Amino acid sequence: MKNPIYTLCMAGLFALLLTAVPHAAFADAAPTMTLDTGATSWMLTSSLLVLMMTLPGLALFYGGMVHKESVLATLMQAFVTTTVVSILWCVYGYSLIFTEHTGFIGGMTKFMMHGIGVSTLAPAPMASVGIPETVYVMFQMTFAIITCALIFGSVATRIKFSSAIVFIVAWFTLVYIPIAHWVWGPGGMLGGLGIDNYKGLFGYGSAIDFAGGTVVHINAGIAGLMAAIVLGHRKGFGRDEMAPPYNIVLSVIGASLLWVGWFGFNAGSAVASNGNAGMAMLVTHVATAMASLAWMAAEWFTRGKPSVVGIISGAVAGLVAITPASGFVDFDGALVIGAVAGTFCFFACSIKFKFGFDDSLDVFGVHCIGGIIGALLTGLFAVKEIGGAEGGYTQFVAQCGAVACTIVWCGVVSWIILKVIDVIMGLRVDEATEHAGLDLAIHGEKLH
């Protein structure tokens, strides 16, 4: 790379390997657990809810926003992401995230689902009650699926299908897996799960992320930003000649499915059927409602009319922001997080016009900015009696460190992946295909 900034960033990130937590630092094994049928039922349900967030939720949400000639291609991007990530997850993804090795990356002891059978229970520290490990595998798989699918909202109508598949494989492997291990894996260097008295990577303790503010939303938002920059903007970007959304009704249905499915996303991350799951569900709903109202008010005040696209975008912003906080905050914290996310994300979605990057469906403005807001405010509003972490200066600094690590690693590695793919096989469809739409040119089908 010619740019010294990237060289310095990569050198610094790889230096983190030297600080990776060794296997010997883990706490003693937890007592043997027995199967909890109630928790198992809830986690099965949560897995279905989170999968529904991608298929059909995100697919419809994105599909309704693009122009008519690329609706099927947009749905296809969500569908193929689900299939590809599902296989990669079971082959090596789960093992590299949720087994012990170093603080930077897990091991390969569960490669190809080795050692996971009908009677195998999910181990501590990932689960505090007895649920089948197969259920935990499925639950966490759905998180990886939607993270990868979110990215394509930034470039939905101009990326080559073949290149999109290659990108999914590379990005899942090189970006999602290590960051998920840092935050959620046993001994992960940002979360420190299973380590006694862990001081955190920066000496301020473990960063906390209940359901994916860093792993899912900041991660996907930064990758989407890199993709939008590398591919360049659409013809007519920022002008009235841009094609209108195909069907806002589909987007409302998709957003509604996301809202309902998010209860599995957040409350399911309690990995139990208990009061923590109940509180996570409550604060998720409250923050989402508050963010919807805040976005609507901001749009109404600045543009004179409250739009349907606006209120559903505000709901998604609230869902994103409460995700890392949902297992740590109470009603008061949820209200603040929702209000801040709805307002800030509304204005954040306009900066693409100022800086000239075409984030088509506002993945950066909603998911990255919303994820950052949620991650940082978790450090301020966490209630010890709810999630065991106390909000304050120390926790806030730990959260800042996790956000910074996620942004830098994801940004640099995503940019490299995109550039390599662009050189080898090209990323963007030709101008004629883009103008006519991707459906007929790539998939041989079209809407009537």
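Begin by selecting S95 together with G106, G107, M108, T109, K110 and F111: S95 is in contact with these residues, its neighbours within four places in sequence being left aside (contact means heavy atoms within 4.5 Å). The model is predicted, so local features need pLDDT of at least 70 and side-chain atom pairs count only at pLDDT 80 or more, whereas totals for chains, interfaces and linings use all residues. Residues are numbered from 1 along each chain as its sequence is written, and side-chain values use heavy atoms, with hydrogens and water left out.

S95 itself lies in helix 3 (residues 71–98); helices are DSSP runs of H or I with at least four residues, numbered from the N terminus. At 1% relative accessibility, S95 counts as buried (under 20% relative accessible area, 1.4 Å probe, protein chains only). Next, display the side chain of S95: one of its polar atoms lies 3.4 Å from the backbone nitrogen of T109.

Now turn to the aromatic rings. Rings of Phe, Tyr and Trp (its six-membered ring) pair if their centres lie within 6.5 Å, and planes over 60 degrees apart count as edge-to-face; the count comes to 23 aromatic pairs. Select W89 and F98: their ring centres are 6.3 Å apart and their planes at 65°, so this pair is edge-to-face. Both W89 and F98 are buried.

Then select F210 and F328, an edge-to-face pair with 5.7 Å centre to centre and 85° between the planes. F210 lies in the loop between helix 5 (161–184) and helix 6 (213–231), and F328 in the loop between helix 9 (308–322) and helix 10 (331–348), so the pair ties together parts 118 residues apart in sequence.

Finally, select W89, Y92, Y94, F98, Y136, F172 and Y176, which form one aromatic cluster.

Definitions and conventions. Helix = DSSP H or I, 4+ residues; strand = E, 2+ residues; numbered from the N terminus. Buried < 20%, exposed > 50% of the residue type's maximum accessible area, 1.4 Å probe, protein only. Polar contact = N/O pair within 3.5 Å; in protein donor to acceptor, adjacent residues only side chain to side chain. Phe/Tyr/Trp six-rings, centres within 6.5 Å; stacked < 30°, edge-to-face > 60°.
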